[in-house]
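This briefing is intended to be read beside the sequence and the coordinates. Its points are grouped by topic.

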Amino acid sequence: MKTIAVIPAYNEERTIADVVIEVQKYVTEVVVVDDGSADHTMERAKRAGAIVYSHFLNRGQGAALETGKKIALLRQADVIVTYDADGQFVAEEIINVVRPVMEGRADVVLGARFGKSNIPPVKKFFLKGATIFTRLTSGLNLSDTHNGFRAFSREAAEKITIEQNRMAHASEILEKIGRQSLRYEEVPVTVKYFSPQMRRGQRLPDYLKILFDLFLGKNIK
Amino acid sequence: MLIQYLLSFLILLIIYRVVIKWRQGILTSRDSVFWIGFWFVVGIIILLPDTTSYLAELVGVGRGADLIVYLSIVLIFYIIFQMTIKIEKIERNITKVVRTVAMKDDTENNGQQTKNEKT
């Protein structure tokens, strides 16, 4: 089975090479989509051995993921793993994330950070809110919703088209899983949180922005 | 009142511009009819302000001027909403263009380590 990891990267020159080298151990190919980075993300990823495609304008994580997914499908992937470029995940866990798809038990596997990671309390609060929101909108009962660690079977990847350019893509994916009634499974993963000065992920205004983007998406034909 | 003449003149000018743009094919017939109708109504309100008081009374708003303010705000919000949707649509189209370009740039991955100079 051909497993391809898709890593969207925007200005991640500090971490991308290590991430690519680590991930390569567990997949057949690594596809990095450089989302219009202003730094050396592209060169570093290439030197580390990734197949690199580049957006000449920054289009957002959702857009980069969709590009990577399309490329992975063209490269005949049987399983597609999405992974973050910032080094918050543990590459070894790809084995666990991929397994349910490999064994045909699930079409989509979603990484869940609860239980395994040391999450700051405020962050936890918003993540919990997001799970309730997800239950209401998509019908999926999850413990974690905005986690970039996922695995898709080829068929599932073909069915899910990411249209949200920015962070709302995470909710969009879940909604489409629900609508297509794909079989999904949650697998616990580790998310490393760095010192508070190094801000990662979303804040309150970002969550509001996501809600607004989702609302807009509903009104676009 | 002088303001009435000034504004009426301005509206005639705007309607004239709409007709010209219609002729040039910049505005569709539907849009042109909408805008001409819209400015025509504005013209009536300016020349006969009492009509709004009548309407205001009819719907239960105190003064005609208030009614106009309320309706304008609703209209402005609606237009902003439409524009936001349109912008998002354009954003998504830009993404499609960027994606197509990215995927066509396949050559750099098959062999030589060249840095692509796109910007």
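**Briefing on the two-chain model**

A:Gln76 lies in the loop that joins helix H3 (61–74) to strand S4 (79–82) of chain A; helices (H or I, at least four residues) and strands (E, at least two) are DSSP runs, numbered from the N terminus. The model is predicted: local features need pLDDT of at least 70, side-chain atom pairs count only at pLDDT 80 or more, and totals for chains, interfaces and linings use all residues. Residues are numbered from 1 along each chain as its sequence is written, while chains are lettered from A and ligands numbered from 1 in the order in which they are written.

**Loop residues with positive phi**

- A:Gln76 is a residue other than glycine, yet its phi is positive, near 65 degrees.
- A:Gln76 counts as exposed because it has 11 C-beta neighbours inside 10 Å. A residue is buried if 20 or more other C-beta atoms lie within 10 Å of its own, exposed if 12 or fewer, and partly exposed in between, with C-beta atoms placed from the backbone.
- A:Ser181, also not a glycine, has a positive phi of about 40 degrees. The loop between helix H7 (169–179) and strand S7 (184–188) of chain A holds A:Ser181.
- A:Ser181 is exposed, since 9 other C-beta atoms lie within 10 Å.

- Strand S3 (residues 51–55) of chain A is largely enclosed by the rest of the structure, because five of its five residues are buried.
- On one side of S3(A), A:Ile51, A:Tyr53 and A:His55 are buried, and on the other A:Val52 and A:Ser54 are buried, so that both faces are covered.
- Strand S2 (residues 29–35) of chain A pairs with S3(A) in the parallel sense over five bridges; strands pair if DSSP finds at least two bridges between them.
- A:Asp34 has A:Ser54 as its bridge partner in S3(A).
- From S2(A) the chain passes through helix H2 (residues 41–47) of chain A to S3(A), a right-handed β-α-β crossover. Right-handed here denotes a clockwise path from the first strand over the helix to the second, with the strands pointing away from the viewer.
- The largest nonpolar core has 60 residues, and those touching the most other members include A:Ala5, A:Val31 and A:Ile80. Such a core is a set of buried Ala, Val, Leu, Ile, Met, Phe, Trp, Tyr and Cys residues joined through C-beta atoms within 7 Å.
- Leaving aside residues up to four places away in sequence, A:Ala5 touches A:Val23, A:Val27, A:Val30, A:Val31, A:Val81 and A:Tyr83; contact requires C-beta atoms, placed from the backbone, within 7 Å.

**Chain B and its contact with chain A**

- Chain B has four helices and zero strands, and 5% of its 119 residues count as buried.
- In the contact between the chains, 19 residues come from chain B and 19 residues from chain A.
- The side of chain B that touches chain A comprises five nonpolar, six polar and eight charged residues. Ala, Val, Leu, Ile, Met, Phe, Trp, Tyr, Cys and Pro count as nonpolar, Asp, Glu, Lys and Arg as charged, and the others, Gly among them, as polar.

**Confidence**

- The model scores ipTM 0.85 and pTM 0.78.
- Chain B has a mean pLDDT of 84, with 88% of its residues at 70 or more; pLDDT is the predictor's confidence in each residue, from 0 to 100.
- Over residues 110–119 of chain B, pLDDT stays under 50.

Key
Two residues are in contact if their C-beta atoms, placed from the backbone, lie within 7 Å.
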